[in-house]
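Please keep the sequence and the model open beside you as you read.

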Amino acid sequence: MQRRGRIVRTLLSVYYAYMVEYRAELLLWVLSGTFPLILMGIWAQASESGLLTFQSEEFVRYFLAVFIVRQFTVVWVIWEFEREVLEGKLSAYLLQPIDPVWRHFFGHIAERFARLPFAFILIALFFWLYPQALWVPSPVGLGLGLAAIALAFSLRFLMQYTFALCAFWTERASAIEQFWFLFYLFLSGMIAPLEMFPDAVREAVLWTPFPYLIYFPASLLVGLPVDPWRGLFTMLGWGAFFFLVNRWLWRRGLRQYSGMGA
Amino acid sequence: MAIVDVQSLSKVYPVAIKEPGLKGTLQHFFRRTYRSVEAVRQVSFQIEPGEIVGFLGPNGAGKTTTLKMLTGLIYPSRGKVRVADYIPFERKGDFLRQITLVMGQKQQLLWDLPALDSFRINASIYGVPDKEFRRRVGELAEMLSITNQLTQPVRKLSLGERMKAEMLAALIHRPKVLFLDEPTLGLDVNAQAAVREFLQAYNQRYRATVLLTSHYMADITALCERVLLIHRGSLIYDGNLTGLLEKFAPYREVTVELDCAIQAQDLMDYGEVGNLAGCTASLIVRREALTQTVARILAELDVKDLTVTDPPIEEVIGRVFQAGVV
C-alpha cells in the first residue's frame with residue numbers, strides 16, 4: 001500500500017512537471033474546449049423566442065457547467081497508446097512491473113491540475129463579463145456533481161483506453177474513437193441539453209453511456225432534475241462492461257504485439 | 001544452473017504483401033494477403049549466471065526478435081524459454097524486477113524533463129527506497145560519468161549522454177540479467193569505450209548476466225568471451241571467439257614488407273591480394289597452404305619483414321554473412 005502510494009505521488013508530481021513544461025500549449029488546449037461557450041450563445045439567443053423549455057440564463061449556466069465538465073474529463077489516451085504501439089515505445093513500459101495504463105491515467109490527472117488554473121481564470125472572466133449568469137451550486141449538488149465528474153472521467157478514460165487496445169490489431173485505432181466521438185458529440189449533452197430531445201429519444205439515450213459523460217454531471221452542478229441513482233448504476237454498469245472488454249483485449253493484444261520498431 | 005535457457009525457440013510473423021501501383025493498392029484495400037516470415041528458427045542455447053555473451057548477426061537475422069522473446073515482450077510461436085527461472089511472457093513482477101532491456105535506438109526517458117525525474121518514476125515502480133535510490137544513482141552516474149547532466153532536460157543531452165542516462169534508468173533496480181540491443185549505436189569512439197568499461201564493471205561488481213547485440217566488433221571483442229551467431233533466424237555458431245575464427249576463417253593474413261614496390265599481379269600467385277601500399281602488401285592465404293606459401297615468399301621475394309595474423313573478426317563475420325556459410 002505504501003509502495004502504491006509512492007508510485008502515485010511520483011507519477012503525479014513528475015507528470016505535472018511534464019505538463020507545465022509547455023504552458024502556452026496548455027492555454028491553447030483550454031481555449032480549444034470553449035465549444036460549449038459558443039453553443040451557449042446560440043441556445044441563449046434561441047431561447048428568446050420563448051418556444052424552448054429553458055430560459056436564457058438556464059442555457060448559459062448549463063453550457064458553462066458543460067465547459068467545466070469537459071475541462072475535467074478530456075481524454076487523449078488513444079492517440080498516445082496508438083503511437084506507443086506503432087513505434088514500439090510500449091516495450092519499455094511492458095518491461096516494468098506495473099500496468100502501463102497507470103502512467104497514462106496519472107498523466108491525465110496531473111494534466112488536470114496543470115489545466116485547471118487556466119480554466120478557472122476563464123470562468124472568472126466569464127462571470128465578470130456576464131454577472132447575471134453567476135450561480136452557486138447547492139452543497140449536495142456540488143458534491144454529487146464532482147463525484148459524477150470523477151466517474152465520468154474514469155468511464156471516458158476506460159472507454160477510450162479500450163478502443164486504444166485495438167492498436168494491437170489495427171494501425172489506426174484512433175479512427176474508432178473518431179467514429180465514437182460523433183455519438184459522444186450529439187448524445188452526451190454537449191450540443192444540447194437532453195431536455196431538448198423528444199421524450200422517447202431522451203429515454204433511449206439515457207440507457208447509453210453518453211449522457212453520463214457530460215449531461216449528467218453538468219445537470220447535477222446546475223441543479224437540473226436528474227436521477228442520481230440511475231446515473232450511478234448506469235455508469236457502473238457501462239464501466240464494468242468496458243472493464244471486462246478491456247482486460248480481454250489486453251490479454252489477447254499482448255499476444256499480438258510485435259514491438260514494431262523496437 | 002543456466003539463468004537463460006532457450007529450447008527450440010521459433011517466431012513466425014504474418015507480413016502483409018502489397019504490390020506497387022494503383023492495382024496493388026486496390027487489391028491491398030479489398031483483399032489483404034499475408035505471408036509468414038520465420039524470424040527465428042529452432043534456436044537453442046543456455047547462458048550461465050555472470051556470463052557476457054555476444055549475440056551477432058546481420059540486420060534482420062532475428063537478434064532483436066529473440067531478445068524480445070527472452071524479455072517477454074513478444075510471445076514465441078514455438079519452443080521454450082526460461083529466464084531467471086520464469087517464463088518471460090507471463091510477465092510476473094518478480095521476473096520483471098530481475099531483468100532489463102536496453103535498446104540503443106529506443107528511449108524510455110521523458111524527453112522534456114531531466115533524466116532524474118524518469119529515474120524517480122522507475123525507483124518508485126521497482127520499490128527502491130529513497131535513500132538507496134540516491135546512492136545507486138550517485139554510484140551509476142559516477143561510473144558512467146554523467147553526474148552533472150542528470151538535471152538537464154533529456155532533449156538537451158548529447159546522444160552519448162542520453163544513451164548513458166538510458167542505461168542508468170534501466171539499471172536503477174539493479175537487474176540480474178541485462179539484455180542489451182545495440183547499446184553503443186551511433187556513439188562516438190570515446191562514448192563507446194565508456195559504455196563498454198561500464199558494462200564490464202557492472203558485470204564484475206554485481207555478477208550480472210549480459211546478452212549483448214552489437215554491430216561494433218570492438219564491443220564484442222572487449223566484452224564477450226562467448227558469442228552466438230545467428231543468420232536468417234538460425235543459430236549457426238555458439239562458442240568462443242577463437243573457435244569462431246577457426247571454424248569460419250580457414251585462412252590467415254600474411255603481411256610482407258619488401259625491399260621495393262611491387263605490382264599486385266606479381267603477388268597473386270601467392271594468395272588473394274588484400275592491401276597493397278608501396279612496399280607493403282597483405283595476402284589472404286588458405287590455412288593448409290600457409291607453410292608452403294610463406295616458404296615460397298621468403299625464397300622468391302626480397303622480404304624485409306613478414307607477419308602472419310588472424311584476419312580481423314569483423315571481416316570473418318562479414319564473410320560468413322555475405323556467403324551465408326553455415
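## Charges across the interface

A salt bridge here is a side-chain nitrogen of Lys or Arg within 4 Å of a carboxyl oxygen of Asp or Glu. Between chain A and chain B there are two salt bridges. In one of them B:Arg155 pairs with A:Glu21, with 3.7 Å between the closest N and O atoms.

A word on the basis of all this: the model is predicted, so local features need pLDDT of at least 70 and side-chain atom pairs count only at pLDDT 80 or more, while totals for chains, interfaces and linings use all residues. Residues are numbered from 1 along each chain as its sequence is written, chains are lettered from A and ligands numbered from 1 in the order in which they are written, and side-chain values use heavy atoms, with hydrogens and water left out.

## How the two chains meet

How many residues does each chain bring to the contact? Chain A brings 30 residues and chain B brings 33 residues, where contact means heavy atoms within 4.5 Å. The area buried between the two chains is about 3000 Å², with 60% of it from carbon and sulfur atoms. Buried area is the accessible area (1.4 Å probe) that two parts lose on being put together, summed over both. Of the area that chain A buries against chain B, 22% comes from A:Arg6, A:Leu95 and A:Pro97, more than from any other three residues.

The interface of chain A and chain B also holds eight residue pairs in polar contact, both residues being at pLDDT 80 or more. A polar contact is a pair of N or O atoms within 3.5 Å; within protein, one must be able to donate a hydrogen and the other to accept it, and residues adjacent in sequence count only if both atoms are side-chain atoms. On the side of chain A that touches chain B, α1 (2–20), α6 (90–94) and α12 (228–256) each supply at least two residues. Helix α1(A) gives the most, with 10 residues. Helices (H or I, at least four residues) and strands (E, at least two) are DSSP runs, numbered from the N terminus.

## Enclosed spaces

On a 1 Å grid over the protein atoms alone, a cavity is a set of points where a 1.4 Å probe fits but cannot get out, and a pocket is an open set with protein on both sides within 12 Å along at least five of seven lines; lining residues have an atom within 4 Å of a point. Grid points are joined across faces, edges and corners, and a volume is the space filled by probe spheres set on the points.

There are two cavities of 30 Å³ or more. The largest cavity has about 190 Å³ of space. It is lined by 18 residues, and those closest to its centre are A:Ala92, A:Leu95, B:Leu101, B:Gln108 and B:Ala170. Strand β5(B) gives the most to this lining, with five residues. The second largest cavity has about 40 Å³ of space, and its lining consists of A:Arg103, B:Gln108, B:Leu110, B:Ser118, B:Ile121 and B:Asn122. Helix α4 (residues 115–125) of chain B gives the most here, with three residues.

## The largest pocket

The largest pocket has a volume of about 1200 Å³. Among its 41 lining residues, A:Tyr18, A:Met19, A:Trp76, A:Glu80 and A:Arg83 lie nearest its centre. Helix α7(A) gives the most to the lining, with six residues.

## Salt bridges within each chain

Over all chains, the structure holds 29 salt bridges. In chain A, A:Asp99 pairs with A:Arg247, the closest N and O atoms being 3.1 Å apart. This pair links distant parts of the chain, 148 residues apart: A:Asp99 is in the loop between α6 and α7, and A:Arg247 is in helix α12.

In chain B, B:Glu139 and B:Arg205 meet in a salt bridge (2.5 Å, N to O). Here B:Glu139 belongs to helix α5 (residues 130–144) and B:Arg205 to helix α7 (residues 189–206), 66 residues apart.
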